[in-house]
Amino acid sequence: MSHNTTEIAVGGAVLAGALAFALYAGQATGLSGAGTGYELNASFRSLEGVSVGTDVRLAGVKIGTVTKVDLNPETYRADTTFSVREGIPVPDDSAVVVSSEGLLGGNFVEIMPGGSPFYLEAGDSIEDTQGAVSLISLLVKFVAGSGDDE
């Protein structure tokens, strides 16, 4: 009887741990739906390393997530929609950049606020964008050299 009680207690603890982890994972990835916000749009030349669910950050703080990515067949640019947490106004002269967390880290979308006294509203587009810089192409250029050394 004691053996059965121990198995039930351990099973319950494992189940509680799994539930706690699932709840944490849902909140960390933004799937909890707990936050409301507004959507903004941007068009990038290169969106390498960014997909739906990627963080949107301002001053290093997560303020939203990428909600939609589509290829525009006319301009061959990546049209992106992302959400920004309610209560965080974004100046209308802001820039959006695809940044990297480091050599081994992933990419994220960073909003670089401007100084305008006017703010973007839901559905507006940010025109000033900078796409992802390919680390591989930079390394190839460095290894190949510029050839202008002499």
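A polar contact is taken here as a pair of N or O atoms within 3.5 Å, where, within protein, one atom must be able to donate a hydrogen and the other to accept it. The model under review is a predicted one.

1. Thr-80 belongs to strand 4, which covers residues 77–85, and the side chain of Thr-80 reaches the backbone oxygen of Ala-78 at 3.4 Å.

2. With a relative accessibility of 2%, Thr-80 counts as buried, because buried means under 20% relative accessible area. Once the neighbours within four places in sequence are left aside, Thr-80 is in contact with Leu-40, Asn-41, Ala-42, Phe-44 and Leu-47, and also with Val-66, Lys-68 and Val-69.

3. Thr-65 has its place in strand 3, which covers residues 61–72, and Thr-65 is likewise buried, its relative accessible area being 15%. Again leaving aside the neighbours within four places in sequence, the residues in contact with Thr-65 are Gly-53, Thr-54, Val-56, Phe-82 and Ser-83.

4. A further pair to inspect is Thr-65 and Val-109, for which the separation is 44 residues in sequence, while the C-alpha to C-alpha distance in space is 8.4 Å.

5. Turning to the rings, the structure holds 0 aromatic pairs. Arg-57, however, lies over the face of Phe-108, at 4.2 Å from the ring centre.

Methods
Residues are numbered from 1 along each chain as its sequence is written. This is a predicted model: local features need pLDDT of at least 70, side-chain atom pairs count only at pLDDT 80 or more; totals for chains, interfaces and linings use all residues. Side-chain values use heavy atoms; hydrogens and water are left out. Helices (H or I, at least four residues) and strands (E, at least two) are DSSP runs, numbered from the N terminus. Buried means under 20% relative accessible area, exposed over 50%, partly exposed in between (1.4 Å probe, protein chains only). Contact means heavy atoms within 4.5 Å. Rings of Phe, Tyr and Trp (its six-membered ring) pair if their centres lie within 6.5 Å; planes under 30 degrees apart count as stacked, over 60 as edge-to-face and the rest as tilted. A charge sits over a ring if NZ of Lys or CZ of Arg is within 6 Å of the ring centre and within 35 degrees of the ring normal.
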